[in-house]
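Morning, everyone. Please bring the model up on your screens. I'll take the sheet, then the domains.

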Amino acid sequence: MVMLDVLMVGAGIGGLTAARSLARGGASVALVERAARPSAAGAGIVLGGNAMACLDALELGSAVAARGRAVDEMEISDRTGRTLRRTSVALPGLPAPVAVHRHALHEALQDGVSGVSLYAGTTVEALREETDAVECSLSSGEVLRARLVVGADGIGSQIRKLAFGAPERAYAGYTCWRAVVPDPGVPHPVEMWGRGQRVGLVPLGAGQLYMFLVADAPAGTPGEPVSAEALRARFASFGGHAPAALARLGEAQEILHHDIDHLPRHDFGRGRVALLGDAAHAMTPNMGQGAGMAIEDGFVLAEALRDAGPTPEAVAVYRQRRAARVAGVARNSLRLGAVAQWSTPWLCWLRDALFRALPASADRAQLQALLQAGPA
Ligand SMILES: Cc1cc2nc3c(=O)[nH]c(=O)nc-3n(C[C@H](O)[C@H](O)[C@H](O)COP(=O)(O)OP(=O)(O)OC[C@H]3O[C@@H](n4cnc5c(N)ncnc54)[C@H](O)[C@@H]3O)c2cc1C
């Protein structure tokens, strides 16, 4: 039986970039993906300058940027479309953030691992940790051995369950619909804050607009039928570019609907099992950094392996380098989401007034602290 350095379970944004990072560092890597063909459910995504810096270091940045649209400024407005904050997101020494369709991003990341073996349409059913390796039994019947197993298999991680037990999953209290529609001419990404509701509009280039709609709701509504008309009625109080974008909702190929869940207890793994991305620390998407943190994780894990080889020591270094940064981003994201979802009218009025009054330098300083602390 071949002994791999690393078996990466999950070929999502985190698993694909980590596999490329590790392979470039000289590790022998294979990927296991539950889906028959790795792809990405979904609409759009914004990759911050920190994530793009990691992708640049992996020579993937230009392929991703070419498939999306560079972002120079981002806006928060109230529900009428009046600007509360407009922040220039181009920072010295960092590449511009990129807004991209998830399918296009996946395509670029997959091209980056063309030399890595992929076991698709299967999963790991059992793990047996030995002194110098982990034996993994796949549902396809194959058995693989690796010095390290990495769970990059998302919020419901099978690897995390098998190795460390199922983590508690928490609902943030709001649910989210996402779609890509023809762009009616939105100039830059804008997030509109209403009362217990938000509308996000993100131009992706090539005439496409990524739209997200967020609303306070009890857990479990994603099973219910959804129509463009019902969403238009639900978000009818929004002005600015929202009505024009909502009018195109019927032209979306699909409307995705998910409750916003997160994992309050982070776990980066130990021994010969590491976890990365949502498997380790699924967070709320309010800072647009979940995928960014997954990309950074893979980058740091590969650096740790370059120094210490595929060993428990490398996993310990990785955990130590990532825990505080990720915890800070997840905490800020949860807080920002809570404020953005306020629904009491006087609190919303106060929030909007405060956000309008804050000096632009405060945004810049926060953004700099967040993005420039990345590993690349
Ligand atoms: C509404 C919303 C908006 C977001 N917007 C942004 C944004 O703008 N910017 C940003 O940076 N982040 C954003 N995020 C977060 C981001 O999508 C995630 O953090 C990111 O996708 C995590 O990547 P991952 O590779 O860890 O996990 P996933 O993307 O979940 O990938 C996991 C992979 O593992 C596979 N898999 C699952 N189970 C198994 C198994 N048992 N065996 C084998 N394979 C398995 C899956 O098929 C998948 O391919 C958003 C999230 C949400 C919900």
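Start with the open sheet: seven strands, in the order β6-β5-β13-β14-β15-β12-β16, with mixed pairing. Remember that this is a predicted model.

Which strands sit at the edges? They are β6, residues 83–88, and β16, residues 256–262. Each of these two pairs on one side only.

Let's zoom in on one pair. Strand β14 covers residues 197–205, and strand β15 covers residues 208–216. How do they run, parallel or antiparallel? Antiparallel, with eight bridges joining them. Find Q197: opposite it, in β15, stands A215.

Something also packs on the sheet. That is helix α11, residues 345–357. Helix α11 touches β5, residues 73–78, and β6. The directions of α11 and β6 make an angle of about 35°.

Now the domains. The protein chain is divided in two. Domain 1 comes in pieces: 3–69, 96–169 and 262–342. Domain 2 is 172–261. Their C-alpha centres lie 27 Å apart.

Where do they meet? 19 residues of domain 1 are in contact with 19 residues of domain 2. On the domain 1 side, β3 (44–47), β7 (98–101) and α10 (312–340) each supply at least two residues. Which element gives the most to that side? It is β7, with three residues.

Note on methods. Residues numbered from 1 in each chain as written. Predicted model: local features only at pLDDT ≥ 70, side-chain atom pairs only at ≥ 80, totals over all residues. Domains from an automatic or database assignment. Contact = placed C-beta atoms within 7 Å. Helix = DSSP H or I, 4+ residues; strand = E, 2+ residues; numbered from the N terminus. Pairing = 2+ DSSP bridges. Axes fitted to C-alpha atoms, helices over the stretch in contact; angles between N-to-C directions.
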